[in-house]
Amino acid sequence: FNQGWDSVSPSQGSAEGGWVLTVLGYGFEINSTSYECSFSDGLNIMNSTVLAVTSFELECPVPPWGAAYGGGFLSVTVLQSGVPLLFTGGEDAEKSTTPCTSPGCSISVVSFWSQTVPQNMTFNAGGSSVDDVVLHVIGFGFRSDRQYAVIFRSIPAGLHNETSNFSVPHNSTHIFLQVPSWRSRAVNVSLEL
């Protein structure tokens, strides 16, 4: 083999994608667009076109994994014209063109939430929330094999906390949760997912 790759960095980023993964290796054809990075969780695959910046560095945009699939660990494979390149990453690493399972060729895409709807909730004079209010949590990388809940914390902290029901995501970008009864008269509430 006259081409190969040794490592990827950073090893973690947002499940939203859009960040650049740097692949270090050797023998890359400068300015070639025949390279791809393939990302897989073992069941699903997404590819992105890569630019060879130098003969030893590729810039690989991470696709919006969390828009379609849950966050977690992904193996990375570097391809040229659809053919996997040799992974040589370190003394203990597997030297292979098959999908890599070594930590040197995997990344973590992290789930996160970016907004909620409704953003303002009305509370009755007695302090309880309006019945049947559903909180729509929007983000990336929610996993269907996990349940989520939202913790409502009063501001200032320590006055009152309530937890929503647990729920599985509607899909990788949406969760719907029932707002719990709210007994405190606190007006401002912080949320934790």
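Mentor: By class, seven nonpolar, seven polar and three charged residues form the lining of the largest pocket. Ala, Val, Leu, Ile, Met, Phe, Trp, Tyr, Cys and Pro count as nonpolar, Asp, Glu, Lys and Arg as charged, and the others, Gly among them, as polar. The model is predicted: local features need pLDDT of at least 70, side-chain atom pairs count only at pLDDT 80 or more, and totals for chains, interfaces and linings use all residues. Residues are numbered from 1 along each chain as its sequence is written, and side-chain values use heavy atoms, with hydrogens and water left out.

Trainee: Which element gives the most to the lining of the largest pocket?

Mentor: β7 does, with three residues. Strands are DSSP runs of E, at least two residues, numbered from the N terminus.

Trainee: Where is Ser-40 placed, and why does Ser-40 count as buried?

Mentor: Ser-40 belongs to strand β4, residues 35-40. Ser-40 counts as buried because its relative accessibility is 17%; buried means under 20% relative accessible area, with a 1.4 Å probe and protein chains only.

Trainee: What does the side chain of Ser-40 reach at 3.2 Å?

Mentor: That side chain reaches the backbone oxygen of Asn-44. A polar atom of the Ser-40 side chain also lies 3.0 Å from the backbone nitrogen of Gly-42.

Trainee: Which residues is Ser-40 in contact with, leaving aside neighbours within four places in sequence?

Mentor: Contact means heavy atoms within 4.5 Å. Ser-40 is in contact with Ile-45, Trp-65, Phe-73, Leu-74 and Ser-75, those neighbours left aside.

How values were computed
Helices (H or I, at least four residues) and strands (E, at least two) are DSSP runs, numbered from the N terminus. Buried means under 20% relative accessible area, exposed over 50%, partly exposed in between (1.4 Å probe, protein chains only). A polar contact is a pair of N or O atoms within 3.5 Å; within protein, one must be able to donate a hydrogen and the other to accept it, and residues adjacent in sequence count only if both atoms are side-chain atoms.
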